[in-house]
Amino acid sequence: MRQMKLDHITSRDNPALVRLRKLGLDAGGYRKTGSVWIEGDHLLRAALQRGWQPALVVLTEGAMQDAALAALAESAPRALVVPTALFKGLSGLESPAQIGAELTLPASPAIEPQAASVVLDRLQDAGNVGAILRSAAAFGVRQVLALKGTAALWSPKVVRAGQGAHFGLRLIEGLSADDLASLAVPMIATSSHTEHVLHRVALPSPCAWVMGHEGQGVSPALMARCALTVGIPQPGGEESLNVAAAAAICLYESERQKG
């Protein structure tokens, strides 16, 4: 393999494997190491397509016999080839993949004032957070701002739920409500106590959609900063929508009105 250091590892005590195991178990571990572990060829391909280069690739001995997976390993300056049993020790999946990578995270960017955005207000569920990131990427929203109390954006569960969306987004976390003062676009929240119906109101573009805590909703302090609240029709009679579903509907409507 060209310009790549290839090591065959058989000990679970190898320092690189120990580091990656810890990274995979600690939701916020990336904040201490500055790197993140991703698993599976889909996520690795998504990262490469967005111009990310892995610092390290780990693949199974069987994956080395797969030309496509072996070619992916060449994207890193170093690759570790391990028995399947050792790779399972790195995996957070019931059915482990055969390849994974360590990526070095860039420094957190500054808020882009004019960017269409999604604001996450203390969302707890990693699956919801990842799904919202996926919807943001799908509908062309490139900035996601997470307030303190939101699930760690680069945790393994959020990364898996995001399905590669992370690599095309401007992600900023650990923010306070006051930090959002630098946004120059109007903020919009959903509410069941408003006369404005989502598809009947002219939505500002660009804007920042605010998605709140799964149980408590958007905080009163943040709601007070919103220029508009809208309701999503629910003729089926349910009390509320899952926050990830609500986000997808709102982002779709923003894009539909632009078109």
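Which residues form one aromatic cluster? Trp-52, Trp-154 and Phe-167 do. Rings of Phe, Tyr and Trp (its six-membered ring) pair if their centres lie within 6.5 Å; planes under 30 degrees apart count as stacked, over 60 as edge-to-face and the rest as tilted.

This is a predicted model, in which local features need pLDDT of at least 70 and side-chain atom pairs count only at pLDDT 80 or more, while totals for chains, interfaces and linings use all residues. Residues are numbered from 1 along each chain as its sequence is written, and side-chain values use heavy atoms, with hydrogens and water left out.

The protein has nine helices and 11 strands. Helices (H or I, at least four residues) and strands (E, at least two) are DSSP runs, numbered from the N terminus. The C-alpha atoms fill a box of roughly 65 × 40 × 35 Å along the principal axes. Of the 259 residues, 49% count as buried. Buried means under 20% relative accessible area, exposed over 50%, and partly exposed in between (1.4 Å probe, protein chains only). Among contacts between residues at least 6 apart in sequence, 76% join residues at least 24 apart. A contact means heavy atoms within 4.5 Å.

Now turn to the strands. β7 (residues 143-147) and β8 (residues 170-175) pair in the parallel sense over four bridges. Two strands pair if DSSP finds at least two bridges between them. Leu-147 stands opposite Leu-175 in β8. With helix α7 (residues 156-162), β7 and β8 make a right-handed β-α-β unit. Right-handed means that, with the strands pointing away from the viewer, the path from the first strand over the helix to the second runs clockwise.

Back to the rings. The whole structure holds five aromatic pairs. One of them joins Trp-37 and Phe-87, tilted, at 6.1 Å centre to centre and 55 degrees between the planes. This pair links distant parts of the chain: Trp-37 sits in strand β2 (residues 35-39) and Phe-87 in helix α5 (residues 84-88), 50 residues apart. Trp-37 is buried, at 5% relative accessible area. Phe-87 is buried too, at 1%.

Phe-139 and Tyr-252 form an edge-to-face pair, 6.1 Å centre to centre with 70 degrees between the planes. Phe-139 lies in the loop between α6 (126-138) and β7, and Tyr-252 in helix α9 (residues 243-258), so this pair ties together parts 113 residues apart in sequence. Phe-139 is partly exposed, with a relative accessible area of 25%. Tyr-252 also counts as partly exposed, at 45%.
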